[in-house]
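Visitor: Hello! Could you show me how to read the features of this structure?

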Amino acid sequence: RLRLGSVDVAIGDGQWSAMELHENIRAGGELDMSCVATEEYGALYSTLPPTEQAGVDAYYSTDMDDPVRAASKTFAQQINEQMARSGLSEVTVFVSGLSTTFEVSVEQATGLHEFTLRQGAMIAFPWPVGDTPLSASKDRISGRVSARSLRNLLLFLAEHTDAERINMIGYSGGADVTAYALYQLRLSYAGQPVTRMRDDLRLGNVILASPDADYMEFRNMLLDGLLDIADSFTVYVNPNDRVLVFSDKLPAGAPRLGNPK
């Protein structure tokens, strides 16, 4: 299940203006950040397992006022309020990479949000990973499992928020999770007009940064029309990324999208 909530993040001594933070980030400065408070609303109703009564209730629920959807409704309201405050009706979902803790994932998303002067709403999508590169094989399996929750989150944002565009940033192993979730969505619209899919999902810019994803598998996704799902795709490669080099040399390794050969 995907748990929804909000996190308060402290930056520095709290005396910086948004513009000062922006200039500091542009200059390559370090930001001292820490998660100071976390509030969990509950699980996204569409990810509740059908083996529980709540999952059964969620399956038959059609009203956002149903108790089983209370956490999801609160989350949507928070997203809408943030977009209204910023004046930009866009959501960006950041999917963190391998060996990344919950706190680091949230802090990375916070840095990106500050860099854009807090425009729109930023959502961090931490997913279960190990704390060393040696867990990479298990982490990839975890990523494929987590892709279902990410897919359901994107569908939820498109249906229940005021976002005009939903952007995505996937980093390292998180880029593989991002691509796979989008691929699942693309296949779900197979045989349907691309215009309908684009109107339904409202996906804007998709960025895959140093993607630790199988190069040939991503090629197959492209052949199945992955690029049709969003306004734009950008892939940033990094031939000096140590994680990508390590992944390539694993027994079951293969050329990575972020370090193609």
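Guide: Let's begin with residue classes: Ala, Val, Leu, Ile, Met, Phe, Trp, Tyr, Cys and Pro count as nonpolar, Asp, Glu, Lys and Arg as charged, and the others, Gly among them, as polar. By these classes, the lining of the second largest pocket has eight nonpolar, seven polar and one charged residues. This is a predicted model, where local features need pLDDT of at least 70, side-chain atom pairs count only at pLDDT 80 or more, and totals for chains, interfaces and linings use all residues. Residues are numbered from 1 along each chain as its sequence is written, and side-chain values use heavy atoms, leaving out hydrogens and water.

Visitor: Which residues lie nearest the centre of the second largest pocket?

Guide: In general, rolling a probe the size of a water molecule over the atoms shows where empty space is left. A pocket is an open set of points on a 1 Å grid over the protein atoms alone, where a 1.4 Å probe fits, with protein on both sides within 12 Å along at least five of seven lines; lining residues have an atom within 4 Å of a point. Here Thr-92, Thr-116, Met-122, Asn-167 and Ile-169 lie nearest the centre, among 16 lining residues.

Visitor: How many residues line the largest pocket?

Guide: The largest pocket has 40 lining residues, with Gly-5, Ser-6, Val-7, Met-122 and Ala-124 nearest its centre. They divide into 22 nonpolar, 10 polar and eight charged.
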